[in-house]
Amino acid sequence: MDIVKTRCVSGSFEKLEALNNPELMAVIENWVKLTDPKRIFVCSDSEQDWEYIRQRAISKGEETTLSVSGHTVHYDGYNDQARDKKVTKYLLNPEQKLDKAVNSIDKDQGLAEIRGMFKNCLQDKELIIAFFCLGPVDSEFSIPALQFTDSYYVAHSEMILYRKAYEYFRTAKPEQFFRFMHSAGELKNAVSVNVDKRRIYIDIDENTVYSINTQYAGNTVGLKKPALRLAINKASQEGWLAEHMFVMAVKGCGGKKTYFTGAFPSACGKTSTAMLPDELIVGDDIAYLRQREGKVFAVNVEEGMFGIIQDINSEHDPLIWEAITRPNEIIFTNVLVNEEGEPRWLGDKRSLPQKGYSFSGPWTQDKKDDRGNPIPYAHKNARYTISLKALANCDPALDDTQGVPLSGIIYGGRDSSAWLPVCESFDWVHGVIAKGASCESEVTFATLDKEGERKLNPFSNLDFLSIPLGQYIQGHLDFGKKLKNPPRIFAVNYFLRDTHGIFLNTKEDKHVWIKWMEQRVNGEVDAIKTPLGYIPEYKDLKLLFKDLLSKEYSQAQYHQQFSLRVKDNLEKIERIEKAYKQMENIPELFFTELEKQKGLLSKAQEKYGDVISPLDLKD
Ligand code: SPV
Ligand code: MN
């Protein structure tokens, strides 16, 4: 312990001792010996400790203050602007197997490599040790987590995004906790320089993730995607679900609140759904789902948002706009800052900046990259980090230790031609297989219909799967078996187009689909049974369009949006079956359910043709 004690700044060692947790002390000692930090600062939950982190983020240049009080900007390196899947690898023993598509490395080899990179890497730096909790503190959902980092920006982000848990560690003395070890590596102008040597290595058996030579939050903020990877494995062993999902309350008649979760790939409408006007947000990225007495309850793992800022403007996103423009604790990342110290981002609907400072350094309109391509004034993955409690529409249930009772689960993707704008599955198994496991999303917006442009992204959780996909699907099927009245499973498609490539819906229309789902789960509207599932009746949508959006919704629009494109759907299922046939240990039920789905579609095709009007199916 001497090495830890001698490196701790005044008061920090006492904070560790007060935790009275030998397992934790052993982990810390091991990491300290490896990295040899110049100093150690231990964060309790006190405001004073966190103010120190905020101040150091600024004095070390990792963040810069902006003109509005509480706002700062942080830059990741020019080539460090997103999650790096290629260097994100699972450390596997020879007997452990994951799907072929998942990156892995032999554990001994990977550990030797990553430990070699961490060796003595903190000799000139201060090590921050901080304690957080995934999910509300002191609930059956809680997973305590230890973060070890040399980045004040990472620590600061976590203090906005997660529940602080030094006191929880002190009182509960958990023996099991997730461990995250991060170093930004060598810095120049407060930015990681060895990005080409960045690594994110995941040790499932030790519940540990190592991350080095990177700053982008998706790679470094341990409690975000690194923790989701660990949680998926833990959930599979313990019989619950760890999902890439928002959680929201939809208001219904009499002011009742009905809870939904929704899984969408990045940039497919997840946050904007959770932030729909007049509804309440619980979370926008990661949820844990557990069952109690045959019912499902969900929590937001986080208590803040790391939101995409591109296209946020006062017209379309008044709630976010209000929250990120007034004085508030916010970290902007990879935006342009103008001479007035104001942040600017792509699609903010303000006049284009002439110059400023951005993720590429000093920026002017004529700035070009090595290949002569213009460099935009802000990165398209630029973001804002904010506490959910700063939002006017934050649901007070955010901190409910029981979780919120879940009535519906929504799966969405970017699909120009097959899935309907909204469709309810027949039952849990149909929903898990024909909706969740069958999510595809288009890589680009540009062209239509060709195979290869769509990527399978089951449950929008593919990037984070730490167990084989077959085992993950089986986990969902088993979860459903114990439920008395399972949440209904819906599929939505905000990106359906006509044959000329024109989108059939506007951004606002998703509010109608959400309200229809709310009415469905509460038994307030009937639906039309189609081979794909239940769809809305025209009369109900007409009312909703009028009430919510003051829009006249015509029969012709309904007909166009809800006509079942049988051929496209059959082709989609073929693609999905083909992809799954190449994987090992997919549950037999998966294939029989898809066969059933194909059978229903083919039968309808024989009777009605390639495109079926919803009016034909209405009895
Ligand atoms: C996502 O890409 O799904 C995000 C941002 O939520 S990241 O932190 O990069 O994962
Ligand atoms: Mn996400």
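Predicted model: local features only at pLDDT ≥ 70, side-chain atom pairs only at ≥ 80, totals over all residues.
Student: Let's start with the aromatics. How many aromatic pairs does a search of the whole structure find?

Tutor: The search turns up 33 aromatic pairs. Take Phe426 and Tyr534: their ring centres are 5.7 Å apart and the planes sit at 80°, so this pair is edge-to-face.

Student: Where do Phe426 and Tyr534 lie?

Tutor: Phe426 is in the loop between strand E28 (422-424) and helix H12 (428-436), while Tyr534 belongs to strand E33 (residues 533-536). The pair therefore ties together parts that are 108 residues apart in sequence.

Student: And how accessible is Phe426, buried or exposed or something in between?

Tutor: Phe426 has 25% relative accessibility, so it counts as partly exposed.

Student: OK, next one. What kind of aromatic pair do Tyr538 and Tyr558 form?

Tutor: That one is tilted, with 55° between the planes and 5.5 Å from centre to centre. Tyr538 lies in helix H15 (residues 538-549) and Tyr558 in helix H16 (residues 555-562), so the pair ties together parts that are 20 residues apart in sequence.

Student: Are those two tyrosines buried or exposed?

Tutor: Tyr538 counts as buried at 16% relative accessibility. Tyr558 is buried as well, and its relative accessible area is 1%.

Student: Which residues do ring pairs link into a cluster?

Tutor: Tyr538 and Tyr558 are among them, and the cluster also takes in Trp513, Phe545, Tyr553 and Phe562.

Student: Switching to charges over rings. What sits over the ring of Phe495?

Tutor: The charged end of Arg414 does, 4.0 Å from the ring centre. There's a lysine case too: Lys510 lies over the face of Tyr494, at 5.3 Å from the centre of that ring.

Student: Let's zoom out. Which domains does the domain assignment give?

Tutor: Domain 1 covers 2-61 + 82-238, domain 2 covers 241-304 + 397-618, and domain 3 covers 306-389.

Student: How far apart are the C-alpha centres of domain 2 and domain 3?

Tutor: Those centres lie 31 Å apart. In the contact, domain 2 supplies 13 residues and domain 3 supplies ten residues.

Student: What area do domain 2 and domain 3 bury between them?

Tutor: About 910 Å², with 65% of it on carbon and sulfur atoms. Accessible area lost when parts come together is often how the size of an interface is given.

Student: How many salt bridges are there across the interface of domain 2 and domain 3?

Tutor: Two salt bridges are found across that interface.

Student: And which residue does Glu303 form a salt bridge with?

Tutor: Lys389, and the closest N and O atoms of that salt bridge are 3.5 Å apart.

Student: Last topic, the backbone. What is the phi of Asn20?

Tutor: Asn20 has a positive phi of about 50°, although it is not a glycine. You'll find Asn20 in the loop between helix H2 (12-17) and helix H3 (22-35). At 52% relative accessibility, Asn20 counts as exposed.

Student: What about the phi of Asn189?

Tutor: For Asn189, another residue that is not a glycine, phi is positive at about 50°. Asn189 is in the loop between strand E10 (187-188) and strand E11 (191-192).

Student: Does Asn189 count as buried or exposed?

Tutor: Exposed, because its relative accessibility is 71%.

Key. Residues numbered from 1 in each chain as written. Chains lettered and ligands numbered in written order. Heavy atoms only, no water. Phe/Tyr/Trp six-rings, centres within 6.5 Å; stacked < 30°, edge-to-face > 60°. Helix = DSSP H or I, 4+ residues; strand = E, 2+ residues; numbered from the N terminus. Buried < 20%, exposed > 50% of the residue type's maximum accessible area, 1.4 Å probe, protein only. Lys NZ or Arg CZ within 6 Å of the ring centre and 35° of its normal. Domains from an automatic or database assignment. Contact = heavy atoms within 4.5 Å. Buried area = accessible area lost by both parts, 1.4 Å probe. Salt bridge = Lys/Arg side-chain N within 4 Å of Asp/Glu carboxyl O.
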